[in-house]
Amino acid sequence: MRILKNTLVILGLLSLQGCSEDVLTQTPDHVISEKLVLNSVEKLDKLLTGTYNEVSRGAYLGRVLYKRAAVKGTDFRFVKTTFNPREYELIEYKYEESANNSGSGEALWRQSFKAINNLNLIINNIDAAEGSDAAKQEIRGEALGLRGMVYFDLARTFAYPWIKGGASAQGLPLKLSSEEVVVERSTLGETYDQILLDLQTAHDVLPANTWEQGSTQYLTKTGVKALMARVYLYKQDWANALKYAEEVIAARGESNLMGVNSYVFSDYNSESLFELSITSQNSLGSNGLGAQFDMKNGGQGDVIATETFVNLLGAYENDPRAALLEEDKEGTQQAFVKYNNRSDGGGLSAHNIPVLRLSEMYLIAAEAAAHGAGGGDTAAQDYLNTLIENRTTNFTAHQVTETGDALLARIAEERRRELALEGHGVYDYIRRGVDIIRPVDEHVNTGVDAANLDIAATDNRTIYPIPASEVEASGMEQTDGY
C-alpha cells in the first residue's frame, strides 16, 4: 500500500524550464537535476508526488481544461466583470483560435509536457533506483498511468476526434524517454495505442485497491481501469469501453453511488476513483477551479449556467444536482457551485479536483451498450436507470424506456447533468460529432458580441492548434485546418 503523504516537492525544482526553449527539445536537467532524483526510490517517489501537483496546476486540470470544457459547450457562459473574462478565454469562448493565437492552448501544452518530462524521468530510471521492488512497481505503475492520462488529455484537446479521421488522423509527438528529442507527430492510432499501452502496463503492475480513505488521491488499479473505459469510449471501441466500465462497477457497485440525500462533493466521497489532492500548499486561491464558478468569499464567479442547463436540471423531481444552483453575479440562481471550499479556513478553491467518478462508469457502460456492446439497449437502459434512480424521488416518471438514437440522446443528456464542470462538456460534443448550438439570447452580458456562437463539430476550431511557439522552435507540423 502506498504511504499517503502530505509533503509536496518544492515547486521550484519542478519548474526549471527555460521559457525561450521548446518543451519537447529540452534535456532532463531543464526539468530537474538528475542527481536529486535518480538514485533512490524515495526521491523518485517525491518527484512523482510533485508531478501530481503539476497536473493540478491552473494551466492544466486546476483550471484551464475544466473551464475550457465548460464555456465552449452549451451549458455555461461568461459573466462580464471588471477583470474577467480574460482575453485569452474570450478567444476560446467565441472559437476564435488561430495558428498564432491559441488562447490557453500554449499554457496547457507546456504544462502537460512538463508533467510528461517528469514522468519519463521516473519511468526510465525507477528500475535501477535503490529501494524495494514493491515500491518500484507501484511508482512505475502510477507514473505510467499518469503519462497515459496526460497524453489522452492532449489528444482530445489538440487532435481531431476519432469519429472524424480515425486512426490515420494526425496525432501527437510521443516523447517517451527523458533523453530523446521528438518533433514528429504520430498518427492518432499510434497515439491511442501508446496511451492504452501505458494504461495497460500500469494496471498490470499496480497492486489491488485498499479503498482506504484518501487512497484515491493517487492513480490506483481501479482508477486506471476507469481511465481505460474513458479512453476506449473516445476511441469508439464500445466492447472495451463496456468491459472496463463494468469491471469498475463490479468493484464498487450501486451502493457507492451518491444519492438524492447524499449528493455532496466532499473530498474522497463514495464515488471517488481518482481525484487530485488540493491543500493549503498547492491551492490556487481565486485562480483555482472552484473560484471560477463561485462568487462567495471573493471568488471570481465569472462562469454561470445557461438557461438551457438550468432547465435540464429542473426536469427531475428533487434532483440534488439542481440544489447546486446558487445566486450569481447577476442576481439570478445560475451559479452552479459543485466545488465548495472546506470549512476549515483553507481559502478559495480549497477542494479536491475529481478526475474519475463511479457515476461516469455507469454512463460509459450505458453508452457503450447502446452502441451494440454487451446486452445492447436493454443493458444500456439498466445502467442509465440505476443512475437516474439515485437522482430523483420520482423514478417512475423518469425511467428510461427509449431505444436507439433516442436512448443515446438520453445518455448524452444525463452526462451533461452529472458530469458538468468535470472536464467533459464540449469534449462530449466533439467526440460524438454533434454541432454546438448556443442561442444568442442565453449569452447576454458576456462582454463580447454574442453573435455566431454556434460551431460545427467538424470545424478545426473545436480543437487547439499546436502552439505557434512550438511550431517555430521545433518545426513541428501544424494541425490540418490551421
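Modeller: Residues 1–20 keep a pLDDT under 50, pLDDT being the predictor's confidence in each residue, from 0 to 100. For that stretch the model has 56 contacts beyond four places in sequence, a contact meaning heavy atoms within 4.5 Å. Residues 27–31 also fall below 50, and they have 14 contacts beyond near neighbours in sequence. Where pLDDT is low, the predicted coordinates should not be read in detail. Across the protein the average pLDDT is 90, and 90% of the residues score at least 70.

Some ground rules. This is a predicted model, in which local features need pLDDT of at least 70 and side-chain atom pairs count only at pLDDT 80 or more, while totals for chains, interfaces and linings use all residues. Residues are numbered from 1 along each chain as its sequence is written, and side-chain values use heavy atoms, with hydrogens and water left out.

Now the rings. The structure holds 16 aromatic pairs. Here Phe, Tyr and Trp (by its six-membered ring) pair if ring centres lie within 6.5 Å; planes under 30 degrees apart are stacked, over 60 edge-to-face, and the rest tilted. Trp109 and Phe158 make an edge-to-face pair, with 5.0 Å between centres and 70° between planes. This pair links distant parts of the chain: Trp109 lies in helix H5 (residues 105–125) and Phe158 in helix H6 (residues 133–158), 49 residues apart. Helices (H or I, at least four residues) and strands (E, at least two) are DSSP runs, numbered from the N terminus. Trp109 is buried at 1% relative accessible area, and Phe158 is buried at 0%. Tyr362 and Tyr383 are also edge-to-face, 6.1 Å centre to centre with 65° between the planes. Tyr362 sits in helix H12 (residues 358–370) and Tyr383 in helix H13 (residues 376–389), so this pair ties together parts 21 residues apart in sequence. Tyr362 is buried at 4%, and Tyr383 is buried at 16%. Buried means under 20% relative accessible area, exposed over 50%, partly exposed in between (1.4 Å probe, protein chains only).

The charged end of Lys243 sits over the ring of Tyr244, 5.1 Å from its centre. The charged end of Arg431 sits over the ring of Tyr234, 5.5 Å from its centre. The rule asks for NZ of Lys or CZ of Arg within 6 Å of the ring centre and within 35 degrees of the ring normal.

Next, opposite charges. Side chains of opposite charge can pair when their charged atoms come close. A salt bridge needs a side-chain nitrogen of Lys or Arg within 4 Å of a carboxyl oxygen of Asp or Glu. The count comes to 34 salt bridges. In helix H6, Arg156 and Asp153 are 3 residues apart, so about one helical turn separates them. Their salt bridge has its closest N and O atoms 3.0 Å apart. Both Arg156 and Asp153 are buried. Glu96 and Lys94 meet in a salt bridge at 4.0 Å, N to O. Glu96 is partly exposed at 46%, whereas Lys94 is buried at 16%. Glu402 bridges to Arg410, with the closest N and O atoms 3.1 Å apart. Glu402 is partly exposed at 24%, and Arg410 is buried at 14%.

Finally, the covered elements. In strand S6 (residues 353–357), 5 of the 5 residues are buried, so the rest of the structure largely encloses this strand. S6 pairs with strand S2 (residues 272–276) in the antiparallel sense over 4 bridges; pairing requires DSSP to find at least two bridges between the strands. Phe274 has Leu356 in S6 as its bridge partner. The C-alpha atoms of Phe274 and Tyr218 are separated by 6.5 Å, though the two residues are 56 apart along the chain. Tyr218 is in the loop between helix H8 (188–205) and helix H9 (221–234). Tyr218 is buried at 4% relative accessible area. Helix H3 (residues 64–71) is mostly covered, with 8 of its 8 residues buried. Among them are the charged residues Lys67 and Arg68.
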